[in-house]
Amino acid sequence: MCLGVPGKVVSWINREPLFATADVEFGTIRRACSMACVPEVEIGDFVIVHAGIAISRIDEEAARRTLADLASLDERPEEGFEAGT
Amino acid sequence: MKYLDEFRDPKLAGRLVDRIRRAASRTWVIMEVCGGQTHGLLRHGIDEALAGAVELIHGPGCPVCVTPIESIDFACELAKRPGTIVASFGDMLRVPGSNGSLNRSHQEGGDARIVYSPLDAVELAIRNPDRDVVFFAVGFETTMPATALAVLQAADRKLQNFSILSAHVRVLPAMRGILSDPGNRVQAFLAAGHVCTITGYREYGELAARFGVPIVVTGFEPVDLLEGILECVTQLETGRHCVTNRYERSVRAEGNREAREIVDRVYEVADRPWRGLGIVPGGGFVLRRAYEQFDARWRFGSVATELPVLGDVRCRSGEVLSGRIRPTECAEFGEGCTPDSPLGAPMVSSEGACAAYFRYSRFPGQIACPVLSGQE
């Protein structure tokens, strides 16, 4: 039920706040989605869509940071059992 | 696809598994609240890859599953009512009530339809001005902005033939209920990433402090799930219990302000019965008085009172939903109860724990899931 799918905002359909709608691209599929909850979104942004509405704008910087952190996982100090803490 | 593939990298997932196994000095009990995460954990074999280091208990995070049978029966009665269309998400049409599902009501001459979004149900009402369209609204906080928006759009368009049957639920009171149970075994929570996308996670601070449990906001892909579990294990091993966000690309501390505002305009918090947990104080939402004309319970109040509540005594969904038993401990699992012929909602829903165990072949004494193959 809480499935959310990331997609790219490609064009506006309606910009009235309550009815704000944009076309969102999910791989090869395109669908009109409500943008009423993400007024800060611009064309080219990625959003997470749930039940036909965008519930967040993906923070690309945060995503990059997470992946960079994970790439250096083996250099992170270990906490827990074998680290003796 | 961007923001999916990177977080499904099997090599990275494998390194995280090793890291978690090295960090754990004992088996820690962690509950994932969200049914979507339950399916992700089983699909990718994470539960088996971490056996011995982490025991995953599946939470009540399947809104379809915790919907009281009375609401399903009410929806079925509405679907059978001449001139009415009941619309809902696909799973909801298959969940058995006391006397069959919405699908069965449809087969018997009623009208029940699947929609992808509550906004599609508003369109349905516009296209069918001579029919009453009722959207059966199930879901956690994640789904509420969509239904609240549907109500606001219907109000703006002055629709007289659209209403919703609200079965929305709140996650946090259910987590509190689980931690307050004297038999509770949960030592840490993976908090549901998309619920927190809407609500934020500040409210969890009090829960983490009071019960001494780490609460880690977690996403849905295998790398996300393992990141969340590693954070839980690290905190447990070092005696900490903080609220930490490991789904930063979607979740902000304060949540989504616009979405919360839209929800607040339409809904207010109320006590609600959850299947498996009983009455959860503050566990659900009802429409505010100003929007009562969009409330199916108000519009069709006379329909609700005539129905006896029966239920299926063989279904142990209550124990499954509260984490007291695993699906495979139910005598009916895979025999008297399958996705094609379900006794209860957890075997139907795409987020139900019983359906996950069935789909990913977690039959007793059998290990059949490819471990972190990264395959769908």
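User: How many residues does the contact take from chain B and from chain A?

Analyst: Please bear in mind that this is a predicted model. The contact takes 45 residues from chain A and 57 residues from chain B.

User: How much area do chain B and chain A bury between them, and what part of it lies on carbon and sulfur atoms?

Analyst: Buried area is the accessible area that two parts lose on being put together, summed over both. Here chain B and chain A bury about 4400 Å² between them, and 62% of it is on carbon and sulfur atoms. On the side of chain B, B:Tyr3, B:Arg19 and B:Tyr116 supply 16% of the area buried against chain A, more than any other three residues.

User: How many salt bridges are counted between chain B and chain A?

Analyst: A salt bridge requires a side-chain nitrogen of Lys or Arg within 4 Å of a carboxyl oxygen of Asp or Glu. The count between the two chains is three. B:Lys2 forms a salt bridge with A:Glu60, where the closest N and O atoms are 3.5 Å apart.

User: Which kinds of residue make up the side of chain B that touches chain A?

Analyst: That side divides into 29 nonpolar, 16 charged and 12 polar residues. The elements that give two or more residues to it include helix H1 (10-23), strand E5 (132-139) and helix H13 (222-237) of chain B.

User: Let us turn to a single residue. Is B:Leu165 buried or exposed?

Analyst: A residue is called buried when its relative accessible area is under 20%. B:Leu165 has 1% relative accessibility, and therefore counts as buried. B:Leu165 is found in strand E6 (residues 162-168) of chain B.

User: Which residues does B:Leu165 touch, not counting those up to four places away in sequence?

Analyst: Among them are B:Ser71, B:Phe74, B:Val134, B:Phe136 and B:Arg297. By way of a distance along the chain, B:Arg127 is 38 residues apart from B:Leu165, and their C-alpha atoms are separated by 20 Å.

User: Where is B:Ser71 found, and with what does its side chain make a polar contact?

Analyst: B:Ser71 is found in helix H5 (residues 69-80) of chain B. B:Ser71 has a relative accessible area of 3%, so this residue is buried. The side chain of B:Ser71 makes a polar contact with the side chain of B:Arg297, at 3.1 Å.

User: What average pLDDT does chain A have?

Analyst: Chain A averages a pLDDT of 90, and 91% of the residues score at least 70.

Methods. Residues are numbered from 1 along each chain as its sequence is written. Chains are lettered from A and ligands numbered from 1 in the order in which they are written. This is a predicted model: local features need pLDDT of at least 70, side-chain atom pairs count only at pLDDT 80 or more; totals for chains, interfaces and linings use all residues. Side-chain values use heavy atoms; hydrogens and water are left out. Helices (H or I, at least four residues) and strands (E, at least two) are DSSP runs, numbered from the N terminus. Buried means under 20% relative accessible area, exposed over 50%, partly exposed in between (1.4 Å probe, protein chains only). Contact means heavy atoms within 4.5 Å. Buried area is the accessible area (1.4 Å probe) that two parts lose on being put together, summed over both. Ala, Val, Leu, Ile, Met, Phe, Trp, Tyr, Cys and Pro count as nonpolar, Asp, Glu, Lys and Arg as charged, and the others, Gly among them, as polar. pLDDT is the predictor's confidence in each residue, from 0 to 100. A polar contact is a pair of N or O atoms within 3.5 Å; within protein, one must be able to donate a hydrogen and the other to accept it, and residues adjacent in sequence count only if both atoms are side-chain atoms.
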